[in-house]
Amino acid sequence: RQNLRQLLPQMNRPSLFRRVSAHNLAKLSAMLREIFTMNPDQSHTLPTQYAALLNDISRQILQSRYRAARLVNRELLLLYFAVGKRLSEKIAAEKWGAKVLEQLSADLQKQLPGLKGFSHRNLKNMRQFADAYSAFPIGQLLTALIGNLNSQKITIGQTPSAQLEEVDLDTFLSLGFSHHILLLNRCQKPDERVFYMQKAVDNQW
């Protein structure tokens, strides 16, 4: 293309056009034929199964990301429930005041710099979360899961107890912590919360 730009100005000057060598004319002719006959996709010809391969790998990546996100969410919910339950029990037993959560949040930040999710407000939310479900079968099963994380004696959806009268465990653990807190604050009745839990998971709200 650089050679083409060099040769084209000469074509507008008849006195110079005669000086163009036969070699350059032949080269210019070949370049013009290449430009006007080139298939735009010629240099990117791919096997017929390439598109299917691309789509398949993309689908696998998205599915893997989704499974990883669900596993992370599950572990966070179990952690937040465990921390909230521990806080609730300890505060009740020691008759500590509300200030202890502020101090605990500050000390956790000192011990684990950059720690996220354990602000004073979120610690209160964890306690609220645990208090709301500890007395329900779902809370008992969460406690059992926390106690058996290493041995994996209880697996989601594998035991009859995983199907609970108020909510399926898999549904419960698929919902984000912020969604749970929102439902706790807006829905006073457990059956109402269960309804919106299922809807949120089904519709990926």
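Visitor: Which helix gives the most to the lining of the largest pocket?
Guide: That is α4, with 4 residues. Helices here are DSSP runs of H or I, at least four residues long, numbered from the N terminus. A pocket is an open set of points on a 1 Å grid over the protein atoms alone, with protein on both sides within 12 Å along at least five of seven lines; a 1.4 Å probe fits at the points, and lining residues have an atom within 4 Å of one.

Visitor: What sort of model is this?
Guide: It is a predicted model, in which local features need pLDDT of at least 70 and side-chain atom pairs count only at pLDDT 80 or more, while totals for chains, interfaces and linings use all residues. Residues are numbered from 1 along each chain as its sequence is written, and side-chain values use heavy atoms, leaving out hydrogens and water.

Visitor: OK, back to the pocket. What volume does it have?
Guide: About 260 Å³ for the largest pocket, taken as the space filled by probe spheres set on the points. Among its 14 lining residues, Tyr66, Ser174, Leu175, Val201 and Gln204 are the closest to its centre.

Visitor: Which helices each supply at least two residues of the lining?
Guide: α4, α8 (169-174) and α10 do.

Visitor: And how many lining residues are nonpolar, polar and charged?
Guide: The lining has 7 nonpolar, 5 polar and 2 charged residues. Ala, Val, Leu, Ile, Met, Phe, Trp, Tyr, Cys and Pro count as nonpolar, Asp, Glu, Lys and Arg as charged, and the others, Gly among them, as polar.

Visitor: New topic. How many aromatic pairs are there?
Guide: There are 8. Rings of Phe, Tyr and Trp (its six-membered ring) pair if their centres lie within 6.5 Å; planes under 30 degrees apart count as stacked, over 60 as edge-to-face and the rest as tilted. One of the pairs is Phe81 with Phe129, edge-to-face at 6.0 Å centre to centre and 90° between the planes. They sit 48 residues apart, Phe81 in helix α4 (residues 50-94) and Phe129 in helix α6 (residues 120-133).

Visitor: Is Phe129 buried or exposed?
Guide: Buried, because its relative accessibility is 0%. Buried means under 20% relative accessible area, exposed over 50%, and partly exposed in between (1.4 Å probe, protein chains only). Phe81 is also buried, at 0%.

Visitor: What kind of pair does Phe129 form with Phe177?
Guide: The ring centres of Phe129 and Phe177 are 5.4 Å apart with planes at 90°, so this pair is edge-to-face. Phe177 belongs to helix α9 (residues 177-186), 48 residues from Phe129. At 10% relative accessibility, Phe177 is buried.

Visitor: Which residues do ring pairs link into a cluster?
Guide: Tyr80, Phe81, Phe118, Phe129, Tyr133, Phe172 and Phe177.

Visitor: How many residues are in the largest nonpolar core?
Guide: It has 28 residues, and Phe129, Tyr133, Leu142, Leu169, Phe172, Leu173 and Phe177 have the most contacts inside it. A nonpolar core is a set of buried Ala, Val, Leu, Ile, Met, Phe, Trp, Tyr and Cys residues joined through side-chain atoms within 4.5 Å. α4 gives the largest share of this core, 6 residues.

Visitor: Last one: where is Lys95?
Guide: Lys95 lies in the loop between α4 and α5 (99-111). Its phi is positive, about 55°, although Lys95 is not a glycine. Lys95 is exposed, with a relative accessible area of 72%.
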